[in-house]
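Dear colleague,

Please find below the sequence and the structure that I am handing over to you. My findings follow directly after them.

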Amino acid sequence: MSSAARGPQPHNLPTHLTSFVGRAQEVSDTRCLLASARLLTLTGAGGVGKTRLALQVAAEVLGNYSGGAWFIDLAPLHDGAFVPTAVAEVLAVNEEPPRPLVATLADVLGARSVLLVLDNCEHLVAACAELVDCLLCEGTVATESIGQPIQVDEHGAECFHPSRDKDRARVVRQDCAAPGVR
Ligand SMILES: Nc1ncnc2c1ncn2[C@@H]1O[C@H](COP(=O)(O)OP(=O)(O)OP(=O)(O)O)[C@@H](O)[C@H]1O
Ligand SMILES: [Mg+2]
């Protein structure tokens, strides 16, 4: 994978050597939910395509976020305390001691329209929820293998990967149809 500009909006979304195949319904469902919810969690078994789906959707909606779309892989992190640091590094936000980094991040993201893609959150769910709650940026797509979806008050919406679970796919579509879904 490598990074390449896809439009005027800044981003660090990795590009792929292979084309995105199929999954039109999943892309549509995810875009629909993201339009009405600030936080989506894509869950599913390992290798089912969560990251690829998140990146595809992020690339497609990038134009809606003037501050860009930012991919943060949390897999290498072992300590939830460093989730804000990982986000700040990608966004090139510097810590301003003695201010908490999260407060600086919240200011920066509050002033920009940004989409965050938090990849591999399963081992850091609580830390991710805490950060997302503080930031409440325009959009966040989180991916995680089977586990607890990130839920922050009323700002969360779950988007289960449909390819392995048809019943939950229907739930996604019902949520999409519901007005004001969060
Ligand atoms: N729609 C698709 N078109 C083409 N390739 C895909 C598609 N979905 C997934 N893949 C490929 O399948 C592989 C697994 O996908 P991906 O990494 O997104 O799974 P994942 O659910 O995020 O896995 P993990 O739980 O390990 O993070 C990757 O090589 C990815 O590029
Ligand atoms: Mg993944």
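**Ligand 1 and helix 2**

Helix 2 supplies three residues to the shell around ligand 1, the largest share of that shell. Helices (H or I, at least four residues) and strands (E, at least two) are DSSP runs, numbered from the N terminus. Please note that this is a predicted model, in which local features need pLDDT of at least 70 and side-chain atom pairs count only at pLDDT 80 or more, while totals for chains, interfaces and linings use all residues. Residues are numbered from 1 along each chain as its sequence is written, and chains are lettered from A and ligands numbered from 1 in the order in which they are written.

In total, 17 residues surround ligand 1, and the closest are Val21, Gly49, Lys50, Thr51 and Arg52. A residue counts as near a molecule if its C-beta atom, placed from the backbone, lies within 6 Å of it. Helix 2 and strand 6 are the elements that give two or more residues to this shell. Sorted by class, the shell has three nonpolar, 11 polar and three charged residues. Here Ala, Val, Leu, Ile, Met, Phe, Trp, Tyr, Cys and Pro count as nonpolar, Asp, Glu, Lys and Arg as charged, and the others, Gly among them, as polar.

Lysine 50 belongs to helix 2. Lysine 50 is buried, because 24 other C-beta atoms lie within 10 Å. The term buried requires 20 or more other C-beta atoms within 10 Å of a residue's own; a residue is exposed with 12 or fewer and partly exposed in between, with C-beta atoms placed from the backbone. Lysine 50 and serine 145 lie 95 residues apart in sequence, yet 8.4 Å apart in space, C-alpha to C-alpha.

Helix 2 covers residues 50-61 and reaches 17 Å from its first C-alpha to its last, close to the 16 Å expected at 1.5 Å a residue. The expected span is 1.5 Å times one less than the number of residues. The buried residues of helix 2 are covered by elements including helix 1 (24-36), strand 3 (39-44) and strand 5 (115-119).

**The strands**

Which residues of strand 3 are buried on each side? Leu39, Thr41 and Thr43 are buried on one side, and Leu40, Leu42 and Gly44 on the other. Strand 3 pairs with strand 6 in the parallel sense over six bridges; two strands pair if DSSP finds at least two bridges between them. In this pairing, leucine 39 stands opposite threonine 140 in strand 6.

Strand 6 also pairs with strand 5 in the parallel sense, over four bridges, and leucine 118 has alanine 142 in strand 6 as its bridge partner. Strand 5 pairs in the parallel sense with strand 4 as well, over five bridges. There, alanine 69 stands opposite leucine 115 in strand 5. Four of the five residues of strand 5 are buried, so the rest of the structure largely encloses this strand.

**The core**

The largest nonpolar core has 37 residues, and Ala58, Val117, Cys128 and Val141 have the most contacts inside it. Such a core is a set of buried Ala, Val, Leu, Ile, Met, Phe, Trp, Tyr and Cys residues joined through C-beta atoms within 7 Å. Alanine 58 touches Leu13, Ala69, Leu115, Val117 and Val141, not counting residues up to four places away in sequence; contact means that C-beta atoms, placed from the backbone, lie within 7 Å.

Yours sincerely

Conventions:
Two residues are in contact if their C-beta atoms, placed from the backbone, lie within 7 Å.
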